[in-house]
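Colleague: Before I rely on the labels attached to this model, I would like to go through them one by one and hear what each rests on.

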Amino acid sequence: ESEANFEHRFTGQSNVFGLTERGHAQAQAAAEALNGICVDAIIASDLRRAFDTAKHLADRRGMTVIPDEGFREIFAGAWEGKKFSELPDAYPEDFGVWLEDIGSAVCTDGESVAALELRVRAAVERIVRAYPGKTVAIGTHATPIRAMQCIWQHVPLSGMKDVPWV
């Protein structure tokens with residue numbers, strides 16, 4: 001849980017929100033859940049909330065987190081930092097697409113989900129090439145996770161609306 005999650009804000013790539021106390025406890029629990037699983041590298045979005053989440057795993061194992069901009073959350077443009085409750089009235093068409101058909105969405109003055117999917121795919125492909133046969137933990141955000149699920153489950157972006165939020 002980030003401070004923005006707690007405040008019901010669309011954070012996007014804003015990097016001013018850290019984890020709440022609950023978020024740190026969740027990150028610690030996630031790190032503990034990975035006990036017994038070999039991890040050769042830990043790579044995370046360079047945005048504070050995801051990086052700090054991954055740092056719990058790294059600290060537990062005496063490793064470092066490698067920051068990677070490719071795993072950033074979607075650039076939300078005009079939506080960055082705004083409360084979710086503000087978006088339907090302020091951006092009815094664009095935010096309506098986000099709610100109804102996220103795979104086709106473009107944040108107002110920001111990034112499209114299609115562009116995010118290409119960015120995340122390229123980041124994953126870089127990791128696969130750099131760490132062949134290795135286990136890599138990736139710390140990222142909700143929209144990139146859904147995009148990766150679409151890639152790995154062979155779901156087109158038009159079906160992203162049916163992929164549950166983490």
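Colleague: Leaving aside its neighbours within four places in sequence, which residues is Phe-10 in contact with?

Modeller: This is a predicted model, so everything I say is computed from its atoms. In it, Phe-10 is in contact with Ile-74, Ala-76, Trp-79, Glu-80, Gly-81, Lys-82, Phe-84, Leu-87, Phe-95, Trp-98 and Cys-107, once the neighbours within four places in sequence are left aside. Phe-10 is also listed, with Phe-71, Ile-74, Trp-79, Trp-98, Cys-107 and Val-113, among the residues that touch the most other members of the largest nonpolar core, which has 25 residues.

Colleague: Which elements give two or more residues to this core, and which of them provides the largest share?

Modeller: Helix H5 (92-100), helix H6 (113-130) and helix H7 (142-152) each give two or more residues, and the largest share, 6 residues, comes from H6. Apart from this core lies another, of 9 residues, including Ile-42, Ala-44, Ala-58 and Ala-137. As a general matter, nonpolar side chains in soluble globular proteins tend to be buried together.

Colleague: What makes H6 and H7 roughly perpendicular to each other?

Modeller: Their axes come within 9 Å and cross at roughly 75°; angles of 65 to 115 degrees count as roughly perpendicular, and H6 and H7 are therefore described in that way. The contact is made by Leu-116, Glu-117, Val-120, Arg-121 and Val-124 of H6 together with Thr-143, Pro-144, Ala-147, Met-148, Ile-151 and Trp-152 of H7. By class, this contact has 8 nonpolar, 1 polar and 2 charged residues.

Colleague: Which residues of H7 are buried, and against which helices do they pack?

Modeller: The buried residues of H7 are Thr-143, Pro-144, Arg-146, Ala-147, Met-148, Cys-150 and Ile-151, and they pack against H5 and H6.

Colleague: Why is the pair of Arg-22 and Glu-1 called a salt bridge?

Modeller: The closest N and O atoms of Arg-22 and Glu-1 are 3.1 Å apart, and the pairing requires a side-chain nitrogen of Lys or Arg within 4 Å of a carboxyl oxygen of Asp or Glu, so the pair qualifies as one. Because Arg-22 lies in helix H2 (residues 21-33) and Glu-1 in the segment before helix H1 (3-6), the pair ties together parts that are 21 residues apart in sequence. In terms of accessibility, Arg-22 has a relative accessible area of 52% and is exposed, whereas Glu-1, at 23%, counts as partly exposed.

Colleague: What makes Asp-109 exposed, and what is its phi?

Modeller: Asp-109 has a relative accessible area of 67%, and exposed means over 50%, so the label applies. Its place is in the loop between H5 and H6, and its phi is near 60°, a positive value in a residue other than glycine.

Colleague: Where does His-154 lie, and is it buried or exposed?

Modeller: His-154 lies in the segment after H7, and with a relative accessible area of 71% it is exposed. Its phi, near 55°, is likewise a positive value in a residue other than glycine.

How values were computed. Residues are numbered from 1 along each chain as its sequence is written. This is a predicted model: local features need pLDDT of at least 70, side-chain atom pairs count only at pLDDT 80 or more; totals for chains, interfaces and linings use all residues. Side-chain values use heavy atoms; hydrogens and water are left out. A nonpolar core is a set of buried Ala, Val, Leu, Ile, Met, Phe, Trp, Tyr and Cys residues joined through side-chain atoms within 4.5 Å. Buried means under 20% relative accessible area, exposed over 50%, partly exposed in between (1.4 Å probe, protein chains only). Helices (H or I, at least four residues) and strands (E, at least two) are DSSP runs, numbered from the N terminus. Contact means heavy atoms within 4.5 Å. Axes are lines fitted to C-alpha atoms, for helices over the stretch in contact, and angles run from 0 to 180 degrees between N-to-C directions. Angles under 35 degrees count as roughly parallel, over 145 as roughly antiparallel, 65 to 115 as roughly perpendicular and the rest as oblique. Ala, Val, Leu, Ile, Met, Phe, Trp, Tyr, Cys and Pro count as nonpolar, Asp, Glu, Lys and Arg as charged, and the others, Gly among them, as polar.
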